[in-house]
Amino acid sequence: MISVFLREQKRYTQEDLVKEFHCSEEKTVRILKRLKEYGVLKAVKANDTQKDLTDLLDEDIEIADVEVGENEYLYVFTFVGVITIEGRVLKCYPKYLLDATAPKAELKQVLKVLEKYNSKEQIIRMYNDTSDSSAFNMLAVMLFLLQDYFEYGAYTNTQDIIESNGTGEILWDRTINETFTLLSNNRPYYPELLTMKRVNDDFDFFKRLHECILTRCTEELRDADLLDLFDIMGADISDESIEDFGDKEYVLERIVKELNVQFNTRKQLLLKTLYAYIANSSALDDLDCFSMFGTNSFNLVWEKVCAEVMDNQLQKPIGGLRLPVPLATQYRDLRHKKLIDLIDKPQWSGTTSTGECFVKQAEDTLIPDLVSIVKIDGEYQFIIFDAKYYNIQLEHNKKLRGQPGIESITKQYLYQLAFRPFVEAHQISTVRNCFLMPTASKEIIEKGTVSLAMLSKLGLQDIQVRLLPAETMYRHYIDNAKMDICILNL
């Protein structure tokens with residue numbers, strides 16, 4: 001299979017992708033059309049300014065058919081992860097890796113982050129669904145089967161073996177009815193005891209089928225250069241082929257019958273997955289195979305990583321927070337409320353037909369990404385963070401671009417206003433506000449600040465900008481570790 005690295009939100013011409021895919025224009029167009037169908041590729045108008053942008057705005061996106069020789073559009077991948085399509089493995093890495101060409105180590109770590117991020121869902125994404133198309137996700141199934149094997153082992157069924165004087169459970173009914181009895185003083189003695197031993201059946205149909213499919217998955221992932229990328233060892237444990245077990249209908253029928261007698265949850269899930277694999281049997285390099293592992297919304301992953309690593313306290317009861325003074329009188333009745341509940345919700349007032357006033361409270365309100373109350377150099381700080389998945393260009397001799405919009409800036413100021421009564425009531429003297437963005441750098445970069453004069457006049461803090469080393473953040477996230485916020489130098 002042909003393997004290619006592609007950067008998220010980089011602008012590619014059709015000619016660029018013909019070279020990357022190592023195929024004709026006609027085949028490239030067919031691939032691009034399928035990628036657009038599944039929402040991992042967008043087309044934007046080709047112009048000089050678009051080529052340099054790293055963020056994709058909704059107004060830039062053009063809804064257009066892909067045509068051979070089309071130079072009017074640039075093509076943008078809006079996906080982070082791995083896609084297999086028509087014998088090609090597309091390894092889409094995050095947009096902040098600006099200078100990378102084949103960042104295998106970085107993408108390997110990103111895939112581990114995605115695995116952890118998706119781990120709570122407890123489902124296998126067997127199908128890639130869009131409003132227009134649906135395709136069996138062979139890659140997701142293969143990864144599940146191998147990860148399940150390394151956690152639980154091969155599918156097992158047991159055999160009950162009757163032994164003479166064995167170490168297993170004594171079968172008294174059979175011993176009494178089927179063996180010779182000695183009588184002494186009117187008491188029976190049994191010189192031979194029939195016992196039952198339960199052993200794993202190494203020749204069980206489903207165990208052999210499971211091991212055969214695992215070996216086939218290993219071979220395909222190895223050919224696609226994906227075993228190492230997903231950090232999976234592989235399982236070369238069978239010399240059989242799927243054809244050795246009979247035709248497809250026979251094998252599927254056997255699996256259904258086995259499902260009807262198995263009540264173990266793990267075995268049921270495994271059998272259903274094996275059924276889906278065989279029912280949709282195709283290789284990763286087949287023309288019709290389209291599989292993917294990753295996300296179109298890596299910004300949500302970055303938010304989750306920052307929230308975990310920076311010790312988000314928004315969901316903590318205010319009675320359990322570390323504060324410089326005891327909980328203020330006006331908040332004692334709210335001690336079981338969460339910090340996020342202190343943000344006001346919109347109140348809508350109306351008048352009835354009789355002239356009476358009534359008030360309705362909206363459910364939605366402002367929700368910051370994360371808030372931390374930390375003690376730095378003996379002083380408590382109330383820090384409001386906003387995780388932004390942006391590539392900001394804030395340089396002296398270059399145009400400002402890739403920055404958060406005005407709505408993000410005003411919301412950060414409003415968060416300060418929302419928490420100001422709580423902060424003042426508990427004598428927290430320092431409030432900080434900060435955008436957190438990823439960088440390929442190994443060091444934290446103090447990028448600058450953003451302010452809005454009319455809100456700064458209210459005594460609100462300027463919003464600081466910090467670029468955080470993504471590799472370090474991901475390592476903390478995977479290891480369930482917290483980062484010392486003081487190193488941000490806020």
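Strand β6 (residues 80-85) and strand β15 run antiparallel and are joined by six bridges; strands here are DSSP E runs of at least two residues and helices are H or I runs of at least four, numbered from the N terminus. Within this predicted model, local features need pLDDT of at least 70 and side-chain atom pairs count only at pLDDT 80 or more, while totals for chains, interfaces and linings use all residues. Residues are numbered from 1 along each chain as its sequence is written, and side-chain values use heavy atoms, leaving out hydrogens and water.

Contact means heavy atoms within 4.5 Å; axes are lines fitted to C-alpha atoms, for helices over the stretch in contact, and angles between N-to-C directions run from 0 to 180 degrees.

Turning to a pair of helices, α7 (residues 205-223) and α9 (residues 265-279) pack at an angle of about 60°, their axes 11 Å apart. This angle makes α7 oblique to α9, a class left over once angles under 35 degrees (roughly parallel), over 145 (roughly antiparallel) and 65 to 115 (roughly perpendicular) are set aside. On the α7 side, the residues that meet α9 include Phe 206, Leu 209 and Ile 213, and their partners in α9 include Leu 270, Leu 274 and Tyr 277. The residues of this contact divide into nine nonpolar, one polar and three charged (nonpolar: Ala, Val, Leu, Ile, Met, Phe, Trp, Tyr, Cys and Pro; charged: Asp, Glu, Lys and Arg; polar: the others, Gly among them).

Helix α7 also holds Glu 219, which is partly exposed, with a relative accessible area of 41%. By contrast, Asp 386, in strand β19 (residues 379-387), counts as buried at 8% relative accessibility (buried is under 20%, exposed over 50% and partly exposed in between, with a 1.4 Å probe and protein chains only).

How values were computed:
Two strands pair if DSSP finds at least two bridges between them.
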